[in-house]
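Reader: Let's go through the labels one at a time. I want each term set against its cut-off.

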Amino acid sequence: MLCSTVSDAFFGPICDYVIAPVVRYSSVWNIPVLTGGGQAENFAFKENFPVLTRMQGSFGLVGETMKGILHVFGWKVVGLLFHNNEVGSSQGNSPCYFTGAAVYKALNSTPVHHNFNENTASVEELREHLLYVTSRARISDWKNAPTGKSREMAEEGEKKWKGWRK
């Protein structure tokens, strides 16, 4: 990786799994690493990754954005359905997993969540996953539902859900 002492910076890599060791070595050499990747939340800990500069937002920012959107509309019931690679696969967790984990963390609660492998799931399995999440992330007590436009949207969504489920 370092063939001479004239390197001023490293650009990349993109893959989160590769960035960590590259940054650890670069930290020893005090050479900055600039990447378009590094979205995993662990890279926010500058004491562990002091020379890393991420040039795009983190997964944590996605989580905070979702938290803000939910707050604006008064939504409190959340369901997360996302792709992830098979447990034990050499691919590790997917970017969808890391995004879902950031939303989960930002909400500081336990939303219903479920994952599937988009590369192997059948249409019927996808339908079952969707039914699992939606059946646990619905508002069943309309007296406690949000008010105004968000309530109207929730009621309309409920009507569509009941029609689709038949």
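Reader: Which residue in β2 is the bridge partner of Phe10?

Author: Val33 is that partner. Some ground rules: this is a predicted model, where local features need pLDDT of at least 70 and side-chain atom pairs count only at pLDDT 80 or more, while totals for chains, interfaces and linings use all residues. Residues are numbered from 1 along each chain as its sequence is written, and side-chain values use heavy atoms, without hydrogens or water.

Reader: How do you know that β1 and β2 are paired?

Author: Two strands pair if DSSP finds at least two bridges between them. β1 and β2 (residues 33–35) share 2 bridges, in the parallel sense. The pair therefore meets the definition. Strands themselves are DSSP runs of E, at least two residues; helices are runs of H or I, at least four; both are numbered from the N terminus.

Reader: What makes β1 and β3 edge strands?

Author: The order in the open sheet is β1-β2-β3, with parallel pairing. β1 (10–11) and β3 (52–54) each have a single partner strand, so one side of each lacks a neighbour in the sheet.

Reader: Where does α1 lie, and at what angle to β2?

Author: α1 lies across β1, β2 and β3 and runs at about 150° to β2. The angle is taken between N-to-C directions, from 0 to 180 degrees, with axes as lines fitted to C-alpha atoms, for helices over the stretch in contact. Contact means heavy atoms within 4.5 Å.

Reader: Why is Phe11 called exposed?

Author: Exposed means over 50% relative accessible area, buried under 20%, and partly exposed in between (1.4 Å probe, protein chains only). Phe11, in strand β1, has 68%, so it counts as exposed. Asn30 passes too, at 63%. Asn30 sits in the loop between α1 and β2, and has a positive phi of about 60° although it is not a glycine.

Reader: What makes Ser94 and Asn117 buried?

Author: Their values fall under the cut-off: 2% for Ser94 and 9% for Asn117. Ser94 is in the loop between β4 (79–83) and α3. Asn117 is in the loop between β5 (112–116) and α4 (123–136). They are 23 residues apart in sequence and 9.6 Å apart in space, C-alpha to C-alpha. Leaving aside residues up to four places away in sequence, Ser94 touches His83, Asn84 and Asn85. On the same terms, Asn117 touches His83, Asn84, Asn85 and Glu86.

Reader: What makes the peptide bond from Gly12 to Pro13 cis?

Author: Its omega is near -5°. Pro13 belongs to the loop between β1 and α1.

Reader: What counts as a pocket, as against a cavity?

Author: On a 1 Å grid over the protein atoms alone, a cavity is a set of points where a 1.4 Å probe fits but cannot get out; a pocket is an open set with protein on both sides within 12 Å along at least five of seven lines. Lining residues have an atom within 4 Å of a point. The second largest pocket has 15 of them, with Ala40, Glu41, Asn42, Phe43 and Phe98 nearest its centre. α1 (16–29) and α3 (95–107) are the elements giving two or more lining residues. The largest share, 5 residues, comes from α3.

Reader: How many of the lining residues are nonpolar, polar and charged?

Author: There are 10 nonpolar, 1 polar and 4 charged. Ala, Val, Leu, Ile, Met, Phe, Trp, Tyr, Cys and Pro count as nonpolar, Asp, Glu, Lys and Arg as charged, and the others, Gly among them, as polar.
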